[in-house]
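My notes follow, in the order I looked things up.

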Amino acid sequence: MTEKEQEFSPNIVGFLCNWCTYAAADLAGSTKIEISPAFSVVRVMCSSRVDHNLVLSTFFDGADGILIAGCHPGDCHYGKGNYFTRRRYAQLKKVLETLGLEPERIQLAWISAAEGNRYAEVVNSFTEKIKELGPSPINNNQRL
Amino acid sequence: MKAKVGVYICECGPNISERVDIEKISEELLSSGEYDDVELVVKNYGLLCSGDGKTYLEEEITSNAFTHLVIAACSPRDHNTTFINVCKKTDLNPFLYKMVNIREHCAWIIPDKDKATEKAVQYIRGGIKRVLYQSELFEKQLDITPDVLILGGGIAGMEAALALAGEERTVFLVERSSELGGVSAGLNRLLPRQGGEVNKLSSYRGEVENNEHIKLYLDSEIKSVIGFLGNYEVTIGSGDEEEGVELVVGAVIVATGFKLPEINGLPGFDFSEKDEVHSSIEIERMMATDRKLAMRNGEEPKSVALVHCGGRSERGYCSQICCSYMMKIAGYIKDQSTEIEVVEYFRDLCLPYKEDQKFYDEIAARGVEFRRFGKLEVDGASVVSTGMDGAESKQEYDMVIVAPAMLPAEGTEALAGLLEIPLHETGFFEEEHQSTNAIGTTTDGIFIIGAAQGPRGISSSMLFAQASAGRISTQLIPGQKITPEVKVSEILEAYCTGCLTCLEVCSYGAIYFDDDRAISVVNEAVCRGCGNCFGSCPSGALRTKHFTNTQLMKEVAEAVRER
């Protein structure tokens, strides 16, 4: 690894559902678990609200990684929103490939309001993964 | 007019003030020169959620005449409502305020104070940028009717009717058959005490019939329903009649109960009508009317097999109440004569209530044998059971009594279609959430109680009935209006292609198709604002109010900014 790559500090955006994962993030905070400052939370009411446009715009704006997280299947506050999220996520992976972005730059996770520890683990390991992947090709001045 | 944005940073006692440098945040925000087009006021305060804090904030909003407000404090899950209520006391529309979480998502998770400060600046910047793109939204007040429609006149429906009916609330009770009572009518004794409670149960019928605030419709069914919480238009009628009675109600309670299958249709059960094989409910009613267990020839049986779990493996669920009522029947038999041999065959024992274990011990002590089976067949009046160890045994009995699995009531599927509420894979109605909302459905104002929701006994059916009555009493208060969610979806006519995708993905039936304009339209009284329709719209015609992409991208822009 070159020195420059070692210094790489990614910008990661997490779209968290209000009812489960945002609450898990709050719990991780209340228990004062350390979480990488590279990760920024954006609250949405349901993970199913996160459309392709929002994800792609976030990448085009310069995000190195995106986490979409919501309630466990069957536990969606709105009944079945997260099942739709799952399908959109599968499509998005393909879209990223087509655009020449590594599909690993986007991750889906189910984290309940009680899983503060797991939230921290998911976020921190995703951050590590993005660090290994390096800057998004969009930020690296590479043409897509 | 130049926007005037107030940014208030809550110190949260030491929670935020010791872990981020609030002074530095103020400096960075004010000196950045990024907000030249807005007038920015940045202040901090000890504890904004305190009584003094709220008064301070109210005065600040009014005296500064802010056009927008950002509060950097704890999680919006803790105090968003607190500050919305403060805004409501002022001229500032509460949707022109944004809460930024710099405690849980910043101060508490980033130990390095400089980094935490930097992160807080980022989040607050995002908040300022976002709030400038937020729009005023206005709550609407809708009139309601407090009246309630109950479908099913069994014990759950009657209990709910009695709990709800009063001077200011009429209950319409619709029963498909010609009598009230449902399956619970004509029982012999009730667990656990087996005393006179059963009489109380039968007195319910009279109480319901004589209650002037309960309007009974026997031999009737629901024909159509349309509307939302507080305003459902319903037609009820009997048989195939086209004409029906039209009612307006605020809520609908589904208490249509369950049915018991013919035991001869159960897999592994092969017997003729002459054989002494009976269903448990037959025996319970026999005991209530004849006070004596007898075979078809009038004689007392010398040996009785009680077979639990009839059809359980095929149905894929436990009916919860059979174990205890089968032990109750074993008790009846031993009361009649200690000489009668009684064997209970069970796949799994279900003893959920606090008295059950003791009851089991008592019944076992009276000489009732309990045999666990892996597989069981009934051939005439003989029971062929395969134990858990695989050993097969066959035994003849004078009488076999079977507890069949509880099934969804006749017509459950059609009713679900009419009410647009989902069914569970077992065929019963599906609750919104088993733990957190067992009586509610995905549609506000439609409740499922008793055995319509799944196998239940009398006690939990009545509890469910009481719970639904409690919920309705607080949701539909006579003379008061309701305020539906305002952060709902909207569809822009110019972009909608009428593809109907949003109708398909909506869990609440909140979107309908306007044939005249050939576009989809959101019913704002029903929409809960999840945004699934937004995520699925292929033509960009949808907006999720207060959570638009433009607004979210302002937060994103700060998150991905070069540092």
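**Loop with the proline.** I started at B:Pro192, which sits in the loop between β6 (171-174) and α8 (197-210) of chain B. I take helices (H or I, at least four residues) and strands (E, at least two) as DSSP runs, numbered from the N terminus. The peptide bond joining B:Leu191 and B:Pro192 is cis, with omega about 0°. Most residues other than glycine have a negative phi, and most peptide bonds are trans.

**Ground rules.** This is a predicted model, and I kept to its limits: local features need pLDDT of at least 70, side-chain atom pairs count only at pLDDT 80 or more, and totals for chains, interfaces and linings use all residues. Residues are numbered from 1 along each chain as its sequence is written, while chains are lettered from A and ligands numbered from 1 in the order in which they are written.

**Positive phi.** Next I looked up phi. B:Gln320 has a phi near 65°, positive although the residue is not glycine, and it lies in the loop between α10 (312-315) and α11 of chain B. B:Gln320 is partly exposed because 16 other C-beta atoms lie within 10 Å. For burial I count other C-beta atoms, placed from the backbone, within 10 Å of a residue's own: 20 or more is buried, 12 or fewer is exposed, and in between is partly exposed. In chain A, A:Lys32 has a positive phi of about 55° and is not a glycine either. I found A:Lys32 in the loop between α2 and β2 of chain A, partly exposed with 13 other C-beta atoms within 10 Å.

**Helix pair in chain B.** Two packed helices are described by the angle between their axes and the distance between the axes. For α11 (residues 322-336) and α12 (residues 356-365) of chain B I have about 35° and 10 Å. The axes are lines fitted to C-alpha atoms, for helices over the stretch in contact, with angles from 0 to 180 degrees between N-to-C directions. From α11(B), B:Ser324, B:Met327, B:Ala330 and B:Gly331 meet B:Asp356, B:Phe359, B:Tyr360 and B:Ile363 of α12(B). In contact, for me, is C-beta atoms, placed from the backbone, within 7 Å. The residues of this contact of α11(B) with α12(B) split into five nonpolar, two polar and one charged. Here Ala, Val, Leu, Ile, Met, Phe, Trp, Tyr, Cys and Pro count as nonpolar, Asp, Glu, Lys and Arg as charged, and the others, Gly among them, as polar.

**Where the chains meet.** How many residues of chain A are in contact with chain B? I get 37 residues of chain A, against 33 residues of chain B. On the chain A side, α2 (21-30), β2 (39-44), α3 (52-60) and α4 (81-99) each supply at least two residues. The largest share comes from α2(A), with seven residues. That side of chain A divides into 18 nonpolar, 11 polar and eight charged residues.

I then checked α17 (residues 549-559) of chain B, whose buried residues are B:Gln551, B:Leu552, B:Lys554, B:Glu555, B:Val556 and B:Ala559. Their cover includes β1 (12-17), β2 and α3 of chain A, along with α6 (113-132) of chain B.

**One spot in a helix.** B:Glu58 is in α3 (residues 51-64) of chain B, and it is partly exposed with 17 other C-beta atoms within 10 Å. Beyond its neighbours within four places in sequence, B:Glu58 is in contact with B:Val86, B:Lys89 and B:Thr90.

**Overall shape.** Chain A has five helices and four strands, in the order α-β-α-β-α-β-α-β-α. Its radius of gyration is 15 Å, close to the 15 Å from the globule rule for 144 residues, so chain A is as compact as a globular protein of that length. I take that radius over C-alpha atoms, and the rule is 2.2 Å times the number of residues to the power 0.38. Of the 144 residues in chain A, 51% count as buried.

Chain B comes to 17 helices and 27 strands. Its radius of gyration is 31 Å, well over the 24 Å the globule rule gives for 563 residues, so chain B is more spread out than a compact globule. Along its principal axes the C-alpha trace of chain B spans about 100 × 60 × 45 Å, and 44% of the 563 residues of chain B count as buried.

How values were computed
Two residues are in contact if their C-beta atoms, placed from the backbone, lie within 7 Å.
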